[in-house]
Each structure stands twice: as structure tokens, then as C-alpha cells.
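Below are my notes on the model you sent.

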2 protein chains.
Amino acid sequence: MSTEKEEKIFEEFLAAKKLKHSEQRLGLLKIFLNIDRHLTADELFRIAKKKYPDLGFATVYRTLKLLCECGLCRELKFEDAKARYEHLYGHKHHDHIICIKCGRLVEVVDANIEDLQEKLFKRHGFHPQRHRLELYGVCTKCLPAASLGFAERRAPRGEPTGK
Amino acid sequence: MSTEKEEKIFEEFLAAKKLKHSEQRLGLLKIFLNIDRHLTADELFRIAKKKYPDLGFATVYRTLKLLCECGLCRELKFEDAKARYEHLYGHKHHDHIICIKCGRLVEVVDANIEDLQEKLFKRHGFHPQRHRLELYGVCTKCLPAASLGFAERRAPRGEPTGK
DNA sequence: TGATATTTTGATAATGATTTTCAATATCAA
DNA sequence: TTGATATTGAAAATCATTATCAAAATATCA
């Protein structure tokens with residue numbers, strides 16, 4: 001997969017901040033861009049460790065932070081403790097619907113909702129910066145189970161259940 | 001302030017769950033209901049400690065969890081690490097606008113947005129459960145400062161700046 | 001009431017994700 | 001190259017939140 005455009009963005013960002021290019025940084029970016037799901041720092045660490053056996057934990061966190069700063073990555077914090085990261089490679093702005101039973105994640109885009117959010121900002125005299133919208137519900141696959149009386153089961157610490 | 005109705009809800013919830021009534025639990029509820037802002041567990045702890053010098057940390061967390069379960073309290077997780085709690089005493093459902101400069105918080109209600117969210121749930125075959133909407137922007141008070149070139153200053157760990 | 005069983009409590013240790021520290025190594029500019 | 005500076009991995013530190021546990025409080029029922 002060609003990720004040159006993103007690599008260039010990252011390189012330029014590093015240069016602009018007078019930071020240094022490094023094997024790990026670029027390597028992590030490539031690996032990250034080629035995985036199309038929302039990863040925790042730990043998941044990315046495990047995957048990247050295969051290619052870079054010496055890779056350290058902290059480097060993953062440090063690099064993800066840089067990627068967020070230059071707009072190639074977005075940090076998501078759902079209802080559980082750990083942060084997840086999604087890259088913006090071939091994705092436009094979107095919000096998320098999360099199934100509270102199986103953890104399934106759907107990306108949604110809706111112009112109306114974006115417009116309305118802008119209006120709310122204006123109405124309260126705020127200069128819009130960003131927003132976060134998460135919809136929690138039960139997906140079709142899980143609905144039968146839910147209606148069989150498991151609906152009240154609580155996911156541990158509000159974490160999207162399952163995988 | 002009369003919080004009898006809420007106290008009754010809590011008592012009945014405890015009874016239904018075969019839990020015991022206790023001085024601390026009711027005391028915390030009263031203190032919590034009489035503060036009209038979004039508290040962290042630690043803030044509530046410090047405040048309640050004045051009335052109950054022996055109060056322990058864990059009890060505050062435990063009680064807040066119970067209050068959430070019985071619907072008197074809602075846990076909020078903004079972009080920083082710690083959870084905040086708001087009671088639903090005299091408040092209907094609302095979302096939040098947060099100023100990323102000063103941390104000011106505004107509660108917003110908008111029927112259109114609620115409707116649209118329902119539609120999104122339906123469109124993707126989800127059975128709605130709850131949602132979370134947070135709008136991050138810069139409030140009027142902070143706009144002059146922002147436009148003076150401080151706009152790029154980063155709040156620590158994404159936490160709403162200031163107090 | 002009082003005895004007993006069960007919960008709750010506070011203090012403290014444990015947890016788990018993320019950050020910091022620091023000495024060794026890599027990168028860059030001249 | 002060289003010297004200055006940034007990055008790295010490992011390990012320790014942080015910070016919010018939870019679990020543990022013995023003592024105290026509360027409920028049950030004889």
C-alpha cells in the first residue's frame with residue numbers, strides 16, 4: 001500500500017518541529033497505516049514488535065502522540081480506560097456507533113448532525129474546534145441475545161464487551 | 001434544599017438490591033446533590049471530608065457508582081484522565097460544550113440533535129441505548145486571547161485548561 | 001432487646017494505562 | 001568526522017481507580 005503522502009506529511013512535520021527522522025517513527029507510521037482498525041497503544045506495540053524486536057513501549061506512545069499532533073492520527077477514548085488510535089488514511093471525519101454487547105464499531109458520517117453541532121457552537125458563542133460523538137447501542141446481531149434477558153448484563157468498567 | 005425525592009430513590013434502590021443504608025451513603029448523596037457542578041471523585045471526597053473527617057476514598061467511589069446505577073448520577077469522561085460526576089437533580093438530559101482554554105462547561109439541549117442521533121442508530125440497525133456528545137471549542141471570554149496567538153498552546157493531556 | 005450474620009467502612013496495597021527518567025545510541029549540521 | 005542534540009528502550013514513577021481485609025456498623029430474627 002502506498003503511504004508516501006502520509007510519510008511526507010510526517011517527515012515535514014518532524015522537520016518543522018526540528019525533530020529527527022528515525023527508523024522507528026517511520027516504521028510505526030507504515031505499520032499503523034496498514035491496519036484498518038482502532039488499535040490500542042499496546043496492540044500496535046505487539047504488532048510492531050514483530051518487525052522491530054527491540055522496540056520499546058514508550059516509543060509507541062511517543063510516536064502516536066506525534067502522529068496525532070500532525071493530524072495523521074486521532075486518539076479515541078471510549079467508555080473504557082484505554083485509549084484507541086485510528087489513522088485518517090482514506091477516512092474522512094466520522095463519528096462512532098458502538099455496540100455495548102459485542103464491541104462492534106461502525107463509523108458514521110452525517111452532514112445534518114455536523115451542521116447542527118456547528119449551530120450549537122454558534123448559539124452558545126463558542127468558536128468550534130472539534131467534537132466527539134459516540135452512540136452506544138445494541139447491534140442487530142446482539143439484539144436477540146439482549147431480548148432474551150441478557151440486556152442488563154454489565155460490561156466490565158463500561159468497556160465495549162467482547163472483541 | 002429538599003432532596004427527599006432523591007433520597008427516597010436511593011433508599012429504595014439500596015433496599016431492592018438488599019444493600020444497607022448507611023450514614024456515609026446518604027450523607028454523600030446530600031452533599032453531592034447540593035453542589036451544582038461536575039465534580040471529580042477526589043473533589044467530592046475533599047468536600048465531604050469536612051463533614052465526615054473519617055471518610056475514606058474508596059467509599060466515595062463506591063457510593064458514586066451506586067448513584068450512577070440508580071440513575072441519580074452520571075459519570076462523564078472528557079478528554080482528560082479523570083472521571084467527573086454530575087447529578088441529575090433538576091437537570092434533564094443534556095450534552096456538553098467545553099472551552100478548551102478555560103475549561104468552562106455549558107450544558108446544551110437540542111431536540112434536533114437528539115432526533116438525528118436516533119435516526120443514525122436506526123439507520124445502522126442499532127437499538128439505541130445512550131450517547132455521548134461533547135463539543136470542544138473556545139468560549140467568548142477566551143477568544144481574544146486565542147486570537148492573540150495563544151491559540152496553539154496545548155492543554156496538558158487534553159485536559160480542559162484552567163479551573 | 002440481643003445475638004448473629006452480613007455489609008460497609010477506611011486504610012492500605014494493588015492495578016493498569018500512560019509518562020518520565022536516564023544512560024546509551026542514533027541523527028543531523030557543519 | 002565531530003560535536004550537539006534528539007531518540008531510544010528499560011525500568012521506575014505517576015495517577016486515577018479498585019481490590020483486600022480487619023474492624024465497625026447495620027440488619028435479621030429469636
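1. A:Lys18 sits in the loop between helix H1 (4-16) and helix H2 (23-33) of chain A. The model is predicted, and in it A:Lys18 takes a positive phi of about 55° without being a glycine. Most residues other than glycine have a negative phi. Is A:Lys18 buried or exposed? A:Lys18 counts as exposed because 6 C-beta neighbours lie inside 10 Å, where the cut-off for exposed is 12 or fewer.

2. In chain B, B:Lys18 is placed in the loop between helix H1 (4-16) and H2. Phi of B:Lys18 is near 60°, again a positive value in a residue other than glycine. B:Lys18 is exposed, since 6 other C-beta atoms are within 10 Å.

3. DNA strand C has 26 residues around it, and the closest are A:His21, A:Ala83, B:Leu19, B:Gly56 and B:Thr59. At least two residues of the surface near DNA strand C come from each of helix H4 (57-69) of chain A, helix H2 (23-33) of chain B and helix H4 (57-69) of chain B. Which element gives the most to this surface? H4(B) does, with four residues. The classes for the surface near DNA strand C are eleven nonpolar, seven polar and eight charged residues.

4. DNA strand D is surrounded by 27 residues, with A:Leu19, A:Gly56, A:Thr59, B:His21 and B:Ala83 as the closest. Here H2 and H4 of chain A and H4 of chain B each supply at least two residues. H4(A) provides the largest share of the surface near DNA strand D, four residues. That surface divides into eleven nonpolar, seven polar and nine charged residues.

5. The contact between the chains takes 31 residues from chain A and 31 residues from chain B. On the side of chain A that touches chain B, the elements giving two or more residues are strand E4 (95-99), strand E5 (105-108), helix H5 (111-123) and strand E6 (127-138). The largest share of that side, twelve residues, is from E6(A). By class, the side of chain A that touches chain B has 17 nonpolar, nine polar and five charged residues.

6. Strand pairing crosses from chain to chain. E6(A) pairs with strand E6 (residues 127-138) of chain B in the antiparallel sense, over eleven bridges. Within this pairing, A:His127 stands opposite B:Val138 in E6(B). In a regular strand the side chains alternate between the two faces of the sheet.

7. Within chain B, strand E4 (residues 95-99) and strand E5 (residues 105-108) run antiparallel and are joined by four bridges. B:His96 has B:Glu107 in E5(B) as its bridge partner. How many residues lie between the strands of this hairpin? There are five between E4(B) and E5(B), and in this hairpin B:Gly103 takes a positive phi near 85°.

8. A remark on confidence. Chain A has an average pLDDT of 87, and 88% of the residues score at least 70. Over residues 148-163 of chain A, pLDDT stays under 50, although the model has 23 contacts beyond four places in sequence for these residues. Where pLDDT is low, the predicted coordinates should not be read in detail.

Methods: Residues numbered from 1 in each chain as written. Chains lettered and ligands numbered in written order. Predicted model: local features only at pLDDT ≥ 70, side-chain atom pairs only at ≥ 80, totals over all residues. Near = placed C-beta within 6 Å. Nonpolar A, V, L, I, M, F, W, Y, C, P; charged D, E, K, R; others polar. Buried ≥ 20, exposed ≤ 12 C-beta atoms within 10 Å, placed from the backbone. pLDDT = per-residue confidence, 0-100. Contact = placed C-beta atoms within 7 Å. Pairing = 2+ DSSP bridges.
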